[in-house]
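Here is a brief report on a protein chain.

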Amino acid sequence: MIDPKEFYEPGMILHGHKCPAMPLGLRVGAAAMNKLGVERARDGQLIALVEIGEHHCATCFADGIQMVTGCTLGKGNIRKLHYGKWGLTLVEKKSGRAVRVCPKAEAMLANKQSPFFTEYRQKGIPASEVPDDVVAPMVERVMNAPAEQILTVGEIFNYAWEEPPHSFDGFVCEMCGEMVVEPYGRLLGDKKVCIPCRNKATGQEDGIPRT
Ligand SMILES: [Zn+2]
Ligand SMILES: [Zn+2]
């Protein structure tokens, strides 16, 4: 059994500030792992599909998921589904067994209606500047509430996961001289170049996209 409390301290180091969403991610991730009966992913054994999107509250949730499941940006086994929700589907790659765990709406609403959000976060105050006596009780609650009170754990289902093979090939960009992974190479006239060099040559000033 995975105990989310063991991952709280390292989770804080990864995440950087005290908030209720990172611990909620620890709880959701651990519940999914315990339902599937799996260990933390040392390599790519697990895939985490997280329903959060961009630019909204409580996306900190995903850092708790990364910490406890071992599904990380670096290993490439975590994806955002961009639904603007907080469900997690955790897949065990070799068996194709999967489970979806979602925080209950009541638990999310209780957090949203707290002074942490109404008095601080919604007024633009960063989480690291919220007084500890405001946020600490919320973290306590999230970490200690019975799972059935804050989470909905689905039944195990089959999820066929197809993954393209890893690319180990690379080349040196003929314009900037930097290393590039093979499938990301682009042709510019008779030169083989990287995407930023191609973009720069075709009009985008520094080749770095802006949102
Ligand atoms: Zn946070
Ligand atoms: Zn280049």
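The sections below go from model conventions to domains and then to strands.

## Model and conventions

This is a predicted model, in which local features need pLDDT of at least 70, side-chain atom pairs count only at pLDDT 80 or more, and totals for chains, interfaces and linings use all residues. Residues are numbered from 1 along each chain as its sequence is written, while chains are lettered from A and ligands numbered from 1 in the order in which they are written.

## Domains

The chain splits into domain 1 (4-158) and domain 2 (164-211). These bounds come from an automatic or database domain assignment. Taken over C-alpha atoms, the centres of domain 1 and domain 2 lie 35 Å apart.

Strands here are DSSP runs of E with at least two residues, helices are runs of H or I with at least four, and both are numbered from the N terminus.

Two strands pair if DSSP finds at least two bridges between them. β1 pairs with strand β3 (residues 88-92) in the antiparallel sense, over 5 bridges. In this pairing L49 stands opposite T89. With strand β2 (residues 78-80), β1 pairs in the parallel sense over 3 bridges. Here V50 stands opposite K80. The chain runs from β1 through helix α3 (residues 61-69) to β2, and this β-α-β crossover is right-handed. Right-handed means that, with the strands pointing away from the viewer, the path from the first strand over the helix to the second runs clockwise.

## Strand β4 and its partners

Strand β4 covers residues 97-103; 5 of the 7 residues are buried, so β4 is largely enclosed by the rest of the structure. β3 and β4 pair in the antiparallel sense over 5 bridges, and L90 stands opposite V99. The two strands form a hairpin with 4 residues between them. In the turn, G96 has a positive phi of about 75°.

β4 also pairs in the antiparallel sense with strand β5 (residues 151-153), over 3 bridges. P103 has L151 in β5 as its bridge partner. Strand β6 (residues 157-158) pairs with β4 in the antiparallel sense over 2 bridges, and A98 stands opposite F157.

Technical notes:
Buried ≥ 20, exposed ≤ 12 C-beta atoms within 10 Å, placed from the backbone.
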